[in-house]
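Please consider the structure shown below. The paragraphs that follow lead through a helix contact and then a group of paired strands.

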Amino acid sequence: MGRRARGRRLQQQQQQQQQRPTRAEDSAEGGGKRQEAGWEGGYPEIVKENKLFEHYYQELKIVPEGEWDRFMEALREPLPATLRITGYKSHAKEILHCLKNKYFKELEDLEVDGQKVEVPQPLSWYPEELAWHTNLSRKILRKSPQLEKFHQFLVSETESGNISRQEAVSMIPPLLLNAHPHHKILDMCAAPGSKTTQLIEMLHADMNVPFPEGFVIANDVDNKRCYLLVHQAKRLSSPCIMVVNHDASSIPRLQIDVNGRKEILFYDRILCDVPCSGDGTMRKNIDVWKKWTTLNSLQLHGLQLRIATRGAEQLVEGGRMVYSTCSLNPIEDEAVIASLLEKSEGALELADVSSELPGLKWMPGITHWKVMTKDGQWFAVWEDVPHSRHTQIRPTMFPPKDPEKLQAMHLERCLRILPHHQNTGGFFVAVLVKKSSMPWNKRPPKLQGEPVEPREPVRSSPAHPTGGAAADPAEPERKPVGGPDDTDVTERPENVGSSGSKKDGVCGPPPSKKMKLFGFKEDPFVFIPEDDPLFPPIQKFYALDPSFPKMNLLTRTTEGKKRQLYMVSKELRNVLVNNSERMKVINTGIKVWCRNNSGEEFDCAFRLAQEGIYTLYPFINSRIITVSIEDVKILLTQENPFFRKLSNETYSQAKDLAKGSIVLKYEPDPTKPDTLQCPIVLCGWRGKASIRTFVPKNERLHYLRMMGLEVLAEEKKEGPVLAQEGAGSSGPPEDEVSAEPGAEPAASTDTRAHAALGPSDPAPAEAALSR
């Protein structure tokens, strides 16, 4: 390749990078270093002017008369930071109480550089005061000790999954989706994941139900962004989330087993937050000012319509789909909705959600708009478009011509959020309800062909390598009912071998011939077979309840020792085992047990993992120690506290237990309202003469904060420095015993800063984390 050709290619790549579509969540969470820098100095000074932008939107009249100047002033102001307290955690109220009565009160009379700091305010339309906005920037947060402490609190709680920093308008679509714990939910364009976390919270509205009937399948086309999505979802430790990697416009149609029959999976709720030009994010992504052109919208319209259509196909009758963009442009908004409604022929209708979020200010959708080229040329109807423009401008971009048809669509039921009304970003959202099958899905059912010959049963795990060659997990078990692009919804009975043994216990990566794979190659998902000798010792050691769903346990390896055990809900298991050749799964399941390096020395080779303890706890009937609030403080601030440092009640429960993994449970005392009023479940280890906890650093700091212990910024080599800490006496000499052979520190889960392990306990080692 010559120098000129290389130069041209480089120039094209730079242009493509500049025109990359955005989504509301990218702006909400700072989806990149440049966005994180924002208006606070990460950019060179950009003039917030774009005459074409102003001309376009003034002509379309999306802003009420007399408000244009306020609209433009708001766009030029920096976006206020917003945070959301995760609603399904049992201690959400404790965090809210801590925020309002401690951190926010400290900000009331605070001045930085002679300016009074604005105290955060709740978003009026978000339920239960669980979302707040503030004008504090990162610069200001670092200028005052009180603000720096508040900033540390936000960072730590965000890592723990107790707080999400998310743009206000980005919180609207999940609320309008109105999801319930029994709903099957598809998030079509999910990364980076703040809306997905809201949906997971809705599934776990009742914390007493460890396995809700519903689930969330979160999809994104970008392989790398899928891992960002995994990170977000993992903070909530749910067994009901699966992350997949597909093009949303052709996301595969999945099937599930219903009483021995294979049926198409239709979703109760679908979130369709499509890629868009992002001109509603100008307050955060200020480079949009100089890059804005109508060309972005014209290029994205087709993709947005295909994604919305694919979502509508997979929605169950009576289900609800929310379509949203962070663009103000009707070509990406009303035009997509109108075209979708028109081709649905009455199968879809816009829902009236005007009363569902009281306090939210919005403008109704518009019914008339024109199309403008990047050169400023306007077209009012498709017939006016010259043939040379037909590849760029399509008929679906124009409003329907028939006035009756247009009126029947009720486009005024769409919501457009304007920045100056409530100091937010710009946003568009429409809620669609499915009344019947899409027209092209209403074909008569296919005649049943010859019965499918049952294949030779294959073991669900290579735990018993006796006889024959191992089956290839990628080889299809049977002909699928419908491929990714199949729009037929017929059902087909499934012939299952009498033994019920299926090869699909191994859910490996899909075969490369059927699907192009990009990005990292994922390890397979291997469900533990019923007769696996691995499980009985675990069941006996923890006295697991007979109702424990052991069929839902899986590992990420087909060979060698199983290092980690993960768990999914039975509904997600159904999806996994029936669709391994249709979808590329990036991640699913929560870690519930980890193998000890020296596990054979104990009665059980696996110890509990904090990540899955709240899911697992309801099934455990043994090795539970009830601890007091003072015990929790000691366990979370000291490395290996000896028994005698703990209360007599705790010592009497621990002294007769064999060495190994334990559960530490704190139950709040309602007669003492000043103490922590939410239950806490921690993973611990009962050593020879002491107890230790295995809790990630940010989760540990969270619990300490909720108990009124303020963790200072500096962490010395001997452990965290606390503003309030009881003086603990050292253990007697006879308690100090030499470490047992094979014992290693738990590097991944023990997060005390640079703390050395005490000599008394054989702390189990943590194996490498699964992706």
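**A helix crossing and a strand between two partners**

Helices α13 and α14 cross in a right-handed manner (right-handed if the near helix is turned clockwise from the far one by less than a right angle, left-handed if anticlockwise). Helices (H or I, at least four residues) and strands (E, at least two) are DSSP runs, numbered from the N terminus. The model is predicted: local features need pLDDT of at least 70, side-chain atom pairs count only at pLDDT 80 or more, and totals for chains, interfaces and linings use all residues. Residues are numbered from 1 along each chain as its sequence is written, and side-chain values use heavy atoms, with hydrogens and water left out.

Helix α13 covers residues 294-313 and helix α14 residues 334-344; they pack at an angle of about 45°, with their axes 10 Å apart. Axes are lines fitted to C-alpha atoms, for helices over the stretch in contact, and angles run from 0 to 180 degrees between N-to-C directions. The two helices are therefore oblique to each other (under 35 degrees is roughly parallel, over 145 roughly antiparallel, 65 to 115 roughly perpendicular, and the rest oblique). Residues in contact (heavy atoms within 4.5 Å) include His 301 and Leu 305 of α13 and Val 336 and Leu 340 of α14.

Attention now turns to the strands. In strand β26 (residues 590-595), 6 of its 6 residues are buried, that is, under 20% relative accessible area with a 1.4 Å probe, protein chains only. Strand β24 (residues 564-567) runs antiparallel to β26 and is joined to it by 4 bridges; here Leu 565 stands opposite Trp 593. Strand β27 (residues 606-608) also pairs with β26 in the antiparallel sense, over 3 bridges, pairing being counted if DSSP finds at least two bridges between two strands. In β27, Leu 608 is the bridge partner of Trp 593.

Methods: Buried < 20%, exposed > 50% of the residue type's maximum accessible area, 1.4 Å probe, protein only.
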